[in-house]
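User: Could you walk me through how to read the features of a structure like this one? I would like the general idea each time, and then the case at hand.

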Amino acid sequence: MKKKSPVNKSIIVVTVIIALAAAVYFIITKKSGKNSEEVTYTVHSEVVRNIIEIAGNISAAREQTLQAAGDGSVVAVYVEEGDKVTQGQILLQLDDTEQRYNLARQDYDIDQKRLSGAPRELELMRKQRLVLLQRIKDRQITASFDGVVAQFTASADNYLLAKDSIGTILDRTYLKATVEVVETDAPKLKHGQKVTFMFPASGNVPIEGYVYSFPAIGTKTTRGAAVVNAELRIDDPPDVILPNYSFTGEIEISPPHTFLLVERQALAREEHVFRAEKILPDGGTERVTVEARPYGAGFFQIIKGLQEGDKLKQLEKNPVSGSKGVPQMEGGQRRNGRQQGVQVQPVIIGPPRR
């Protein structure tokens, strides 16, 4: 059996000593660095917005498609595109020679019957006269409401077929849109709630509107979701916003709330109260009493005792899981969280409450 060489023993001993020295140095260095890098937290504000996100296309308050009731030649045009019109105003006249002849013949027959006709027969002839008057009226295209001629293509000497569309009148007293609100958010809807519209056509400058109406019954979509159709309105809309323009926006369920928040590690509970170690401008510290309550995962909401921007030393040494994440909002509120909506047909159930 061979004996170990004294030289080998010396090498092993030296190696062990070097390793121990390195370990001691590493521990001392790490401890010194840890003490020199104190963890601090800053009290910051968070704006909580309870909203429903919407999107769709806007439409005019009312829209009339201008159509001829029958075939005929255009004998007179009284408006052009861009004109403002009033309810009942005549916009276009079709040739009504035949209709007026029929009315004159009917008046002649009635006069004859007054002398020798039976009262019942005379009554029927008078009712027929009303029909002929309506046929004369049908040779005119008139405005159904006050509005603006948005499109108009007819001119004198044109020949129109029945139901030909020659233009459109719009009532821009207000603009409206209908969006779907999911059943979980529907109970939050109220008449008159503020709505903020953003139109790409206007550079996404906010335009204010309101919730006008929503029915007391839900609707099932083709996707199988239960929704409530809410009608939104914009009174006195700017001229730059035209019907059928697309928009995004928000229904404001409640006004924004601003909270002061700080990570849980910045506060310590002592004798049924919260304490914080506030760092002063001169580098010193001050122990302060804080009124706070838990807020989401890893945060406290500051009620009293601290202000936004205050810097605090770490007091709680055991970090809470998720403390570095985004705070979760309470009571159904969302931090920039929203529900998506789409446009559907309008449902009006009553006047707005502004």
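Analyst: Gladly, starting with strand pairing: two strands pair if DSSP finds at least two bridges between them. Helices (H or I, at least four residues) and strands (E, at least two) are DSSP runs, numbered from the N terminus. Strand S4 (residues 72-77) and strand S6 (residues 90-94) run antiparallel and are joined by three bridges. In one of these contacts across the strands, valine 77 has leucine 92 in S6 as its bridge partner.

A word on the source: this is a predicted model, in which local features need pLDDT of at least 70 and side-chain atom pairs count only at pLDDT 80 or more, while totals for chains, interfaces and linings use all residues. Residues are numbered from 1 along each chain as its sequence is written, and side-chain values use heavy atoms, with hydrogens and water left out.

User: In what order do the strands of the open four-stranded sheet lie, and which strands stand at its edges?

Analyst: Strands of a sheet pair through backbone hydrogen bonds, either parallel or antiparallel. Here the order is S7-S6-S4-S9, with antiparallel pairing. The edges are strand S7 (140-142) and strand S9 (159-160), each with a single partner strand, so one side of each has no neighbour in the sheet.

User: What should I look for in the hairpins?

Analyst: Look at the pairing, then at the turn. Strand S16 (residues 267-270) pairs with strand S17 (residues 273-279) in the antiparallel sense over four bridges. Glutamate 270 has valine 273 in S17 as its bridge partner. Two residues lie between these strands, and glutamate 271 takes a positive phi near 55°.

Strand S18 (residues 285-294) and S19 also run antiparallel, joined by four bridges. Their hairpin has four residues between the strands, and glycine 296 in the turn has a positive phi of about 70°. Proline 294 has phenylalanine 300 in S19 as its bridge partner. S19 (residues 299-304) pairs antiparallel with strand S15 (residues 246-263) too, over four bridges, and there leucine 260 is partnered by isoleucine 302.

User: Which residues of helix H2 are buried, and which are exposed?

Analyst: Buried means under 20% relative accessible area, exposed over 50%, and partly exposed in between (1.4 Å probe, protein chains only). An α-helix has 3.6 residues a turn, so residues three or four places apart point the same way. In H2 (residues 97-116), Gln99, Leu103, Gln106 and Ile110 are buried. Seen down the axis of H2, its buried residues fall within an arc of 60°, so they line one face of the helix; the arc is that of the directions from the helix axis to the C-beta atoms. The face turned away carries the exposed residues Thr97, Glu98, Tyr101, Tyr108, Leu115 and Ser116. Helix H3 (119-137) is included in what covers the buried residues, where contact means heavy atoms within 4.5 Å.

User: And how do I read the aromatic rings?

Analyst: Rings of Phe, Tyr and Trp (its six-membered ring) pair if their centres lie within 6.5 Å; planes under 30 degrees apart count as stacked, over 60 as edge-to-face and the rest as tilted. The count comes to five aromatic pairs. In one of them, phenylalanine 197 and phenylalanine 199 are stacked, 6.1 Å centre to centre with 15° between the planes. Phenylalanine 197 is buried at 0% relative accessible area, and phenylalanine 199 counts as buried at 0% relative accessibility. Ring pairs link Phe197, Phe199 and Phe247 into a cluster.

Definitions and conventions:
The expected span of a helix is 1.5 Å times one less than its number of residues.
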